[in-house]
Amino acid sequence: MTDMLQVKGLNVAFPSRDGPVRVVRDVSFTLGRERLGIVGESGSGKSQTGRAILGLTPASGTVTADRLTFDGIDLRKASARTWRSLRGPRMSMIMQDPKYSLNPVMTIGRQIVEAYRRRGNAARGDARSKAIAMLEAVQIRDPERVFRAYPHELSGGMGQRAMIAMMLIAEPDLLIADEVTSALDVTVQLDVLKILDDLVRDRGMGLIFISHDLRLVSSFCDRVLVMYAGRVVEQIAARDLKNAQHPYTQGLLNCLPQIDGDSAPLPTLTRDPAWLA
Amino acid sequence: MTALIEVRDLAVTFGSGRQQVRAVRGVSFDVEQGESFGLVGESGSGKSTVLRAICGLAPMTGGTVHIGGKPLKTPRDPAFYQQVQMVFQDPYGSIHPRHTIDRVLSEPLAIHGFKDAETRIERALEDVGLGRGFRFRYPHQLSGGQRQRVAIARALILEPQILLLDEPTSALDASIQAEVLNLLDALRVDKGLTYVLVSHDLAVVSHMCRRLLVMQHGQAVEELTRDALQARAATKDYTRQLLVASEGFKAP
């Protein structure tokens, strides 16, 4: 089986007064039908990696790659038309904050129906019932009300789930989830993860799960990429994370407080300039 | 021995009629001198509102709060703010973007009529591990962790006895969170401070606090010691749910 997504030597740079800033450096990985976690601190380039794959790098940035293919399609030279046929139906991204990523002047229902109709010539009535069913699938208790609601009328957790429903209704093959659960309460977090887990399991979707929460990622994903300053410093199976080799991964794991830990000072992370080399 | 902070049947209600929201409904707890006490709960549980009510930022509609045996006055007087200071969640939002750190730290001193601003500002910056070099910078020149240190310095500059910490590390990266938590712990021991720490993260509270109160829907669910938490000796279902959820995802 060939991998759905192949990334080799991906670089993203933004211009600045002091020359280009390389926010993603030589990132290479492949993704099959599995759950891949990307972990790192803020500014480590994990979100920019996700955006570059979807061609959503801001216009000022430059993306270069030795290889960037999705299902055999070369994304580096993709035309606007190709992108339109890919984004939504084939690959999509759930953003971090529902407050900014949903259209504030459209009802949730219209946004979901729009996402559904974009992928084919679905009938209007059909799209509506499908959208309601999708809202139910993401554990929204009163889907009819949420369908008619505007984004500001929903709580953060509800908005996040509505957004997930919108991305999933198109049944993409690849989903990039960028810090989807960070703004949610712990108990809601698990509900959302369950939904994503079912999709990978039942539909064979490929999932890139971007998060700063190492513990969550290790319990949820199959494989983890650890990023530091734009580089992948370690690639490891999630269950082996405790035996991580790189001092940065180790440092990230150890600095988390634990319920069963004592109250001694937490170990802090000492950054070694050699990691950048 | 009486507790330093005594909260009895605290209630906070916003709005009236159909719009009425009862954010806190009858919460009671005691915090001893020199202790660190945790409030845990999910968003909307009223944990931050409890802190804001103590500080006078939210209206108390019922119950009493005693600090050092004395009931609080409404509005709070300057003496109160010399005793109690608050650190907010978002260091990007809680510091004036167009004021230098020097000005941010001078303001409370000017309000309270302190004369030795110079030495106090330098000491406060030393205390939080920033050093004098940061004094004339603007917030946008600092990282998130450094800004939270400035917010802590601003709270400490009046030498209060009590710090109310509202999710002090939830906007920070894990590695920076460890540094800030260590700083807060060291300051508490050094200066004999009393903390009330609000967090949604059971691990953070268990690390920082010997006792904690779990809240849901504006009500206290149960009060636990750290030892009971570590022994998973929660008596209420909600606390058990939180404990399970904090262990991460388990495939069905």
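**Helix packing, core and chain contact**

The crossing of H4(A) and H5(A) is right-handed (left-handed if the near helix is turned anticlockwise from the far one by less than a right angle, right-handed if clockwise). The model is predicted: local features need pLDDT of at least 70, side-chain atom pairs count only at pLDDT 80 or more, and totals for chains, interfaces and linings use all residues. Residues are numbered from 1 along each chain as its sequence is written, with chains lettered from A and ligands numbered from 1 in the order in which they are written.

Helices are DSSP runs (H or I, at least four residues), numbered from the N terminus. H4 (residues 108–117) and H5 (residues 124–137) of chain A pack at about 115°, their axes 9 Å apart. Axes are lines fitted to C-alpha atoms over the stretch in contact, and angles run from 0 to 180 degrees between N-to-C directions. H4(A) is therefore roughly perpendicular to H5(A) (65 to 115 degrees). H4(A) contributes Gly109(A), Ile112(A), Val113(A), Tyr116(A) and Arg117(A) to the contact. From H5(A) come Ala127(A), Arg128(A), Lys130(A), Ala131(A) and Met134(A). Contact means C-beta atoms, placed from the backbone, within 7 Å.

The largest nonpolar core has 152 residues (buried Ala, Val, Leu, Ile, Met, Phe, Trp, Tyr and Cys joined through C-beta atoms within 7 Å; buried means 20 or more other C-beta atoms within 10 Å). Its largest share, eight residues, comes from H7 (residues 156–168) of chain A. Ile112(A) and Ala165(A) are among the residues with the most contacts inside this core. Ala165(A) touches Ile112(A), Met134(A), Leu135(A) and Val138(A), residues up to four places away in sequence not being counted.

The contact between chains takes 29 residues from chain A and 25 residues from chain B. On the chain A side, H8(A) gives the largest share, six residues.

Note on methods
Buried ≥ 20, exposed ≤ 12 C-beta atoms within 10 Å, placed from the backbone. Helix = DSSP H or I, 4+ residues; strand = E, 2+ residues; numbered from the N terminus. Contact = placed C-beta atoms within 7 Å. Parallel < 35°, antiparallel > 145°, perpendicular 65-115°, else oblique.
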